[in-house]
Amino acid sequence: MAADNLPSEFDVIILGTGLSESVIAAACSRVGQRVLHVDRRSYYAGNWASFTFNGLLSWIEEYKAGPSQEAVQETWREKLEEGEEALALSPVDTSISNLEVFCYASSEEPEEEEEQAKDTTTCSVPQTPDSEGEVERCLLESSSVEEDEALAADGGSPEPAAGVDQTQPQGEASAEAEETEAEQETCPQVEQSQQEQQEKPFPAESQSEPKKQITYTKIVKEGRRFNIDLVSKLMYSRGLLVDLLIKSNVSRYAEFKNVTRILTYRNGKVEQVPCSRADVFGSKQLTVVEKRMLMKFLTFCLDFEQHPEEYQDFSERPFWNFLQTKKLTENLQHFILHSIAMVTPEVCTAEGLRATQHFLRCLGRYGNTPFLFPLYGLGEIPQCFCRMCAVFGGIYCLRHSISCLVVDKESNKCKAVIDSHGQRISCGHFVVEDGYIGEDQRKNTESRQISRAVLITDRSILPSDSEQQISLVTVPPMEPGSPVVWMVELCSSTMTCMPGTYLVHLTCSSSSGSAKEDLAPVVSRLFCTAVSPEEEPTEGEKGSEVPTMLWALYFNMRDTSAVDRSSYDLPSNVHVCTSPDAALGSDHAINLAEAVFRQFLPEEEFCPPAPNPEDIIYDGDGPQGEGPGFDEADPADASGSQGGESAEPQDVKQDAEQTGDVATEETSTRCEPGPASEE
Amino acid sequence: MNPLSIVWEKTRVNMEDYDYLFKIVLIGNAGVGKTCLVRRFTQGLFPPGQGATIGVDFMIKTVEIKGEKVKLQIWDTAGQERFRSITQSYYRSANALILTYDITCEDSFRCLPEWLREIEQYANTTVVTVLVGNKIDLAEKREVLRQRAEEFAESQSMLYLETSAKESDNVEKLFLDLACKLIREAKQNTLDNNDTANAMPGEGKAISYLSCCSTN
């Protein structure tokens, strides 16, 4: 919290903390580059960020308010030297558009109070002294929270909730949150197998109690329990991101859960897609013959390259046509096309087969589906790479931007930047997120748009024995020409929403224009809006079957993932990281990061494993007498026991005498098989 | 408990055993002596004028308390506090937080509410927080009176301790008291750490799906 000056020279300066930028930062820092990583925002991960509910309201407010034109500072002119010119970066981000918020949750107060009363009486968790303290702490600090609160209060929707008191002190929320959280923690986390799920002792309130209405006030109060991603992606268990997390040891900073089921919308119903072998054989939807056909086809896909005769004639023809020749029922064709290959019908057969194969290869690594999801949301992942960068010496600065690049006219290279404080900082390479690049530097202004919706709902789209399901739902085009929508439904054990609610992300490539137009047809078919107690449900039976939306957000995000480097008019040592793409996985971002890294550090390894802290033996710190390493008993430590450490393998002993710092040399890779958490 | 570490720990079960594993996270302004506290405790060193610690995520020390082996995993900020840019993920799954200020630096004390706000926002609500006033060896330069700090800590329901990483005053006590408190809380909770293991990227298991149906 100290205002410090930045060093005046770095090997690499990175602007923007999205996934690609963060991976590049970690990779560069890891191999000894001096990295400065900045972001003009007050939070990490840019358009990959995840927010608490109140944080999201502030984010919405910011975008609705439009660009706050800062006073144009031309002070950097005087920082230029002979033969240099300045290339200004864009001070505003225009990647988000068509923001619309709808609040359907009731703002009734009485119920809220009842709930509170109940919560306190049924609380069986011994309160730690800290928990009481939080309330006070927050009240005491009202001045410092004011800023956020004010934003949150303003950030509410223009819809029915307008009258709700959103300015309640957060402290209350956290005290209450604590109870539920503590309760939750006493039960084992969700496991993959159904039996275990059933055995799981759920918090009483989520099972035995009748459904309580969740009010908007409650959502705001429990706002910190939400972690709402701007980008919704899943991690293929054998995708590039998971491989990189393992390889680099960055995985130690995050926790993951399996996506527990894959669903699809078909003939007006949500159905589960048989995914694992057990699913296929246990499926009640499929006939015995269908089961055989499906297994046979999937077995073929697993090593389709070995059987060219099966598909050669179709290689360049649509996958859909190929499926039709395979004696598969319509049912199965739907599952394979939309939920397993997850491609459009027009995609060529070779690509469809590859997609199917990838899905199958990802199955069973960690669980019953091919996907993982990070606890607390996808926004954690860029931060994990940032942490790795920092651990290896990278310098981090949020709320800090780069105003312009200093370009050497002769070589057309960026030799320095001038930051938002007017400081000139030299660099060898400059990496920048697409959103910071001004229109002048774009030769091709055309870009695609991603349509997004975020819903908070009161129940799962397909209720099951367990309330803690993480589901991927594929929704084929509602009508010809409309986009394929995929939807991720997250339960509260992913730490992305409060208990009793589900967080639903919808994503598609924009076809018509606004996110609302693209996604509303799907939303209205799969969800209903809350009915206020006064107007008794007229279409009762229908309304009670589908989840009720409590709150909804729509927005578009610019998708520059297909924009080629040559479309930017920038110096050769400036590298652009395009925005998140519309795909379900993150391969694009990881490929991009590696490609950028290779451009300027072709000789270096990309994200080699960071040493395991337990394998580092500190022995280079001056004379031996000064203090014991881990492998000696510490005389000053009466109760210490180094027994554990002395049993460490000695093969990674390292030297670091020159700096006094512990060594960074690579250790033997320690990517032991983490036991998959099932079975 | 960080399930990931536990999964990770499980793999080395043969090499070491312990009864508890706790993640302790240090926060506080730059220059208040966080790293020195950790190194003093884990290595018995006081590295004067050292720069940032490169390449080390966390340090480990196993201690024995009342016959039980307790492994403490102590995480440092990696310098991200310098420009107030600590990642949220740093706070996740910490069992205890050590919020440190420098008794000779009023400013580091005045920043405490800001730190508390971050804790409230991102840390687990059941986290144990200890306030530490470091550098008591520089008593003649003291700017923050002990009583003032005690009152503040009390108002926030934090434990309070003054330390000197240089003279090794209270450093052992800090971590051992914390370990005791964490054990007590863990015992109160029926929480069985090992059950919370979440899926983690590791090698996983070999594909079993479809492998036995090639005869179909």
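I will take the salt bridges and then the cysteines.

One point before the details: this is a predicted model.

How many salt bridges does a search of the whole structure find? Over all chains, the count is 34. I will go through three of them and then a network.

Start with D11(A). Its partner in a salt bridge is R34(A), and the closest N and O atoms are 2.9 Å apart. D11(A) sits in strand 1, residues 9-15 of chain A, while R34(A) sits in the loop between helix 1 (19-30) and strand 2 (35-38), so this pair ties together parts that are 23 residues apart in sequence. As for the surface, D11(A) is partly exposed, at 22% relative accessibility. R34(A) is also partly exposed, with 39%.

The next pair is R598(A) and E594(A). Their closest N and O atoms are 3.0 Å apart, and they form a salt bridge. Both residues belong to helix 20 of chain A, residues 587-600, and they are four residues apart, about one turn of the helix. R598(A) has a relative accessible area of 33%, so it counts as partly exposed. E594(A) is partly exposed too, at 27%.

Now chain B. The side chains of E162(B) and R146(B) form a salt bridge at 3.5 Å, N to O. E162(B) lies in strand 6 (residues 159-162) and R146(B) in helix 5 (residues 146-155), so the pair ties together parts of chain B that are 16 residues apart in sequence. Is each partner buried or exposed, or in between? E162(B) is buried, at 3% relative accessibility. R146(B), at 39%, is partly exposed.

Salt bridges can also share partners. In chain A, D39(A), R41(A), D93(A) and E433(A) are joined into one network in that way.

That leaves the cysteines. A disulfide is a covalent bond between the sulfur atoms of two cysteines. How many disulfides are there over all chains? The count is zero.

Take C528(A) as a case. The closest cysteine sulfur belongs to C103(A) and is 15 Å away, which is too far for a bond. C528(A) is buried, with a relative accessibility of 17%.

C607(A) is in no disulfide either: the nearest cysteine sulfur, in C28(A), is 8.8 Å away. The cut-off for a disulfide is 2.5 Å between the sulfur atoms. C607(A) counts as buried, at 2% relative accessibility.

Note on methods
Residues numbered from 1 in each chain as written. Chains lettered and ligands numbered in written order. Predicted model: local features only at pLDDT ≥ 70, side-chain atom pairs only at ≥ 80, totals over all residues. Heavy atoms only, no water. Salt bridge = Lys/Arg side-chain N within 4 Å of Asp/Glu carboxyl O. Helix = DSSP H or I, 4+ residues; strand = E, 2+ residues; numbered from the N terminus. Buried < 20%, exposed > 50% of the residue type's maximum accessible area, 1.4 Å probe, protein only.
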